[in-house]
Amino acid sequence: MVKRKYIAPNAITAAGLFLGYMSITASSKGEFIQAIWFIILAMVCDGLDGKTARKLDAFSEFGKEFDSFCDAVSFGLAPSLLVYNILMANVARSAFILPVSFLYALCGIMRLVKFNIITVASSEKGDFSGMPIPSAASMVCSYILFCDTMRKNFDVDLFNLDIFIAITVIAAVLMVSTMKFKTPDKAFPFIPKKFAGPFILVVVVTLKYSLFIVTFTYVILNIMTHITKRFENSHEDHDDDHPVHPDRCLLPDDQRRRCQRCGHHRQAGSHHRCCLYRLHRPCCRGLRPVRQVPRQDEPLCLLQGHCPGHDYRLH
């Protein structure tokens, strides 16, 4: 018999699936704005089912799989068919209609499959590998909604098919990328927590405009963070890849590791970048990142308290 605590989150997930199905039926009738609002409501359900599961401690593998299948319909197939019908209504004979719309659906499904493989059902919510599929759906839908609102209220036509196709393709590519995307609550650190409530209220009231602004700000901030980290990491690698006298290493001889690429000991610099800390980089495979809470049988880094990489363990 199903426990009562699992009913509420799964019911919310099913409601999101129903809204995704309603979006598909609306877009097939040419009611594109109505289809977009159904997808937006499905996003609300997608956020509520996770919060409800965390509140009730109702995590299960069934819930994770069910949520992913529902997301595949609400944020994968529904936006894909929306793109297809919009393009068919504007350029019916274009050769890009089917490839572009199918590419979005394919990348969305692949994104969800990867998510199910690398995650387990738990109350912990970390950063994403690749853009979350609701954000991709928001990129596509918010552009259409924003252009339609500007046209109706200000008689300004901002819709452009080339831009729309580019947004769809970029959203698809970002979903299957390995780029790290922060959760929305971490992506806007410049907003103080005491203003989070009023900020959300303003976004909801002006959703026709703010959804576009918030979505693309979220995507741009994550892309800029990724590029900045890649640049800093490549710069640190360049500074570290030179011979260092073994006596400068802060570890004893039996704990010292060499870089598998250059053969040199890692430099113990101003940040105590010892062998244990630097070997998690791509050129060195002696260590791997693990969970923040260590098990009692796992040895901590000998420089715990001094080394910023003390949460890395030996294989």
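# Briefing on a predicted helical and stranded chain

Leu103 touches Val169 and Ala172, leaving aside residues up to four places away in sequence. The model described here is predicted. Its protein chain has 10 helices and 4 strands, and 42% of its 315 residues are buried.

**The chain as a whole**

- Read along the sequence, the elements of the protein chain follow the pattern α-α-α-α-β-α-α-β-α-α-α-α-β-β.
- Among contacts in the protein chain with a separation of 6 or more, 72% are between residues 24 or more positions apart.

**Helix pairs**

- Two packed helices are described by the angle between their axes and by the distance between those axes.
- Helix α1 (residues 7–28) packs with α2 at an angle of about 170 degrees, and their axes are 8 Å apart.
- An angle over 145 degrees counts as roughly antiparallel, so α1 is roughly antiparallel to α2.
- In the contact of α1 with α2, the residues divide into 17 nonpolar, 6 polar and 1 charged.
- The packing angle of α3 with helix α4 (residues 97–118) is about 170 degrees, and the axes lie 9 Å apart.
- By the same cut-off of 145 degrees, α3 is therefore roughly antiparallel to α4.
- The contact of α3 with α4 is made up of 17 nonpolar, 5 polar and 3 charged residues.

**The cavity**

- Rolling a probe the size of a water molecule over the atoms shows where empty space is left.
- There is 1 cavity of 30 Å³ or more in the count.
- The largest cavity has a volume of about 50 Å³.
- It is lined by 13 residues, of which Thr13, Gly16, Asp46, Cys70 and Asp71 are the closest to its centre.
- At least two lining residues of the largest cavity come from each of α1, α2 and α3.
- The element that gives the most to this lining is α3, with 5 residues.
- By class, the lining of the largest cavity holds 6 nonpolar, 3 polar and 4 charged residues.

**The second largest pocket**

- The second largest pocket holds about 230 Å³ of space.
- Its lining consists of Phe32, Ile33, Ile86, Asn90, Ile144, Cys147, Asp148, Arg151, Asp157 and Phe159.
- Two or more of the lining residues come from each of α2 (32–56), α3 and α5 (133–154).
- The largest share of the lining of the second largest pocket is that of α5, with 4 residues.
- The lining of the second largest pocket divides into 6 nonpolar, 1 polar and 3 charged residues.

- Ser68 sits in helix α3 (residues 61–90).
- A relative accessible area under 20% counts as buried, and Ser68 is therefore buried, with a value of 5%.
- The residues that Ser68 touches, apart from those up to four places away in sequence, are Leu112, Phe115 and Asn116.
- Leu103 belongs to helix α4.
- The relative accessibility of Leu103 is 30%, so this residue counts as partly exposed.
- From C-alpha to C-alpha, Leu103 and Ala171 are 9.9 Å apart in space, and they are 68 residues apart in sequence.

**Loop residues with positive phi**

- Most residues other than glycine have a negative phi.
- Asp57, a residue other than glycine, has a positive phi near 55 degrees.
- Asp57 lies in the loop between α2 and α3.
- With a relative accessibility of 51%, Asp57 is exposed, because exposed means over 50%.
- Asp155 is not a glycine either, and its phi is positive, at about 55 degrees.
- The loop between α5 and α6 (161–175) is where Asp155 is found.
- Asp155 has a relative accessibility of 69% and so counts as exposed.

Terms used:
Residues numbered from 1 in each chain as written. Predicted model: local features only at pLDDT ≥ 70, side-chain atom pairs only at ≥ 80, totals over all residues. Heavy atoms only, no water. Buried < 20%, exposed > 50% of the residue type's maximum accessible area, 1.4 Å probe, protein only. Contact = heavy atoms within 4.5 Å. 1 Å grid on protein atoms, 1.4 Å probe; cavity = no way out; pocket = protein on both sides within 12 Å on 5 of 7 lines; lining within 4 Å. Points joined across faces, edges and corners; volume = space filled by probe spheres on them. Nonpolar A, V, L, I, M, F, W, Y, C, P; charged D, E, K, R; others polar. Axes fitted to C-alpha atoms, helices over the stretch in contact; angles between N-to-C directions. Parallel < 35°, antiparallel > 145°, perpendicular 65-115°, else oblique.
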